[in-house]
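Please look over the structure shown below before reading on.

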Amino acid sequence: MANAKKTLVIVESPSKAKTIGKYLGSNYKVIASVGHVRDLPKSKLGIDIDNDFEPQYIAIRGKGDIIKELKKEAKKASKVYLATDPDREGEAISWHLAYLLGIDVDQPCRIEFNEITKSTIKEAIKHPRKIELSLVDAQQARRVLDRLVGYQISPLLWRKVKKGLSAGRVQSAALKIICDRENEIKAFKPVEYWTIVAGFNKGKGFTAKLATKNNKKLVISNKEENDKTIKELEAGNYKVTAITRKSRNKKPFAPFTTSSMQQEASTKLNFNTRKTMMIAQQLYEGVEVHKKGTIGLITYLRTDSVRISAEAKGAAADFITEKYGKEYLGNNVYSNKRKDIQDAHEAIRPSNIDLTPDDLKDSLSNDQYKLYRLIWCRFMASQMTPAKFDGMLVDIQNGSYGFKANGSKLVFDGYQKVYKNNSDDDKDNILPDLDEGEELEIKSLKGEQNFTQPPSRFTEASLVRELEELDIGRPSTYAPIVATLSDRKYIKKEKKSLVPTELGFLVTGLMEEYFKEIVDVNFTADMEDKLDDVEAKGLEWKSIIRDFYGPFKKELEVADNAIEKVVVEDRPTGEMCELCGKPLVIKTGRFGEFIACSGYPECKNTKPIVKTVGVKCPKCGKDIVERHSRRGRVFYGCSGYPDCDQSYWYKPVDKKCPKCGSLLLEKKTKTSQLACSNPECGYKE
């Protein structure tokens, strides 16, 4: 019949609606809510504190037409299914949709699926369920708590510091972690130590490192000790005293969780967390694949779990056996980091293992292909056997001094057939055949000065790892945290490192003094566990808010009375404005720092900050300055550009090469060294 009523399926995004619509056929109408339709108002707190923290939800501004369309279609439909994302946020959107459309939440109106494939969608439609109110309450608890913190501390910061600042339950704890690390780096005092390496002539040659004296660990602290030790070593003979052969297995990593995917995409693909999540969302919702139509390529992208379904395990086993052979099929068991993780979701994996990255290359954008390949290879590797290495440890004695040489050889690649880690301990380092008691002929003996290094600054990847280990935030919050801290100018990125700004230190200082618990890592993690208990154990969500709000309200009052107006001073440059003669200062704008006249608004003179390195250009004598390539990489070039095109990838120092007279460059690898800028020279020190 032409006018037969259809079943309405409501999803969150238009691309998801398009993919699912193709799978369900003509008896279904699939439309998108385009995210949330009801939320707390933006213009006010929106929480009735006196009425036991009741949220005051309103229809989101700009969503009127979508809500009208949803109501119209729901009225016409024989049945309405809510098919929003399978997580807390998705459950809450379904609950709000049910409210707006007059759907009874006790009716089986909710369907969910972990991947968007034809079979999964058709199966999900057969098994609708009630809306899970414990999931909705867990989302409401987070939303209300974050609103109480953000909407009451942020205006305080606006009044006392400057407009546009913000604080947040997870954001402020993350900023403190970054600031604490920077303080550690500033306080770090490097300690000198020396390493002595001996080179031997046996076979193709090999090296051994000095490790002990009189069977005790040896630490060489300065050049005098180094020179004295080398002198003693030059007088003695070298003999192999022990050979230990050992094989080791290296297991594959578990399939991706949201956090591990973000970390690996940052390390291997140079994607920031926001970009990773955006591309993963596209792969999940569906991509037009050549000759196959629209297909959802990966399982749901927000998950803490490493669990894999029996079907996926079986499909991977068949693929591995057929493509690589039975000897490559592993039997690995993976467990979640936290025992209380809600295991409803699987790990992130390909929806169809048979769709290899190469099969899809022509259908995907370059970035989609890179991320899909990473997910496919990681999952495939997780189901394969460990890589096997033969190891050899050789002890070499010279009088009271003991050297150690480590050899390693890959004898079976296992999972590394598809997923390489590029770590040093995976590389072959083959030692020659040696015998115990054999005397060795020394080829070289070299001491190298080293200094202990400060802890590294956080990158997006290492910050996500830290937040996960400290149990702060959840997969959905990792990407927005770094974006918010950058947008507020609390941190800046230097290459991949996250560096706190003066403003970041200032805000963290105020938060530490007046809102200790908000920035306390243990308090934040404990709160996260309580919020999880709403979902897992049915804890009443408002009880968490009540317990939190009493002390928090007192802190707000104290802070408001105690904090004096903080004036964020513009930093003087020491130069005068060439237009009006007033001092030039460094200001912070939307796009970072710049130089401006202190006489603004009368004088609007501005210019970019140019960092000189204290070295003159060898071609024309002008200053060499720090520049950025189109891709954001730092390089060093003549300030006389474009008339002078002299440039270097490494930072020049004010010192000439003793061999050819060219400038020396500072190269920082594991150790710092100066190298000649003339590629034909090769001088290093």
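Predicted model: local features only at pLDDT ≥ 70, side-chain atom pairs only at ≥ 80, totals over all residues.

A polar contact is a pair of N or O atoms within 3.5 Å, where, within protein, one atom must be able to donate a hydrogen and the other to accept it.

**A buried glutamate and its contact**
- E115 is found in the loop that runs between helix α3 (88–101) and helix α4 (118–126).
- With a relative accessible area of 12%, E115 counts as buried, because buried means under 20% relative accessible area.
- The side chain of E115 is joined to the side chain of R349 by a polar contact of 2.9 Å.

**A patch of negative charge**
- On the surface, a patch of negative charge is formed where D318, E322, D354, D358 and D359 gather.
- Two helices, α10 (310–323) and α11 (357–360), each supply at least two residues of this negative patch.
- E322, one of the residues in the patch, lies in helix α10, and E322 is exposed, with a relative accessible area of 75%.

**A lysine in a loop**
- K292 has its place in the loop between strand β12 (287–289) and strand β13 (293–295).
- The relative accessible area of K292 is 53%, so K292 is exposed, given that exposed means over 50%.
- Although K292 and K16 are 276 residues apart in sequence, they are 16 Å apart in space, taken from C-alpha to C-alpha.

Methods:
Residues numbered from 1 in each chain as written. Heavy atoms only, no water. Patch = residues over 30% accessible without salt bridge, like charges linked within 9 Å, V, L, I, M, F, W, Y side chains within 5 Å. Areas by Shrake-Rupley, 256 points an atom, 1.4 Å probe, with all protein chains shown as cover. Salt bridge = Lys/Arg side-chain N within 4 Å of Asp/Glu carboxyl O. Lys, Arg positive; Asp, Glu negative; His and termini not counted. Charge placed at Lys NZ, Arg CZ, Asp CG, Glu CD. Helix = DSSP H or I, 4+ residues; strand = E, 2+ residues; numbered from the N terminus. Buried < 20%, exposed > 50% of the residue type's maximum accessible area, 1.4 Å probe, protein only.
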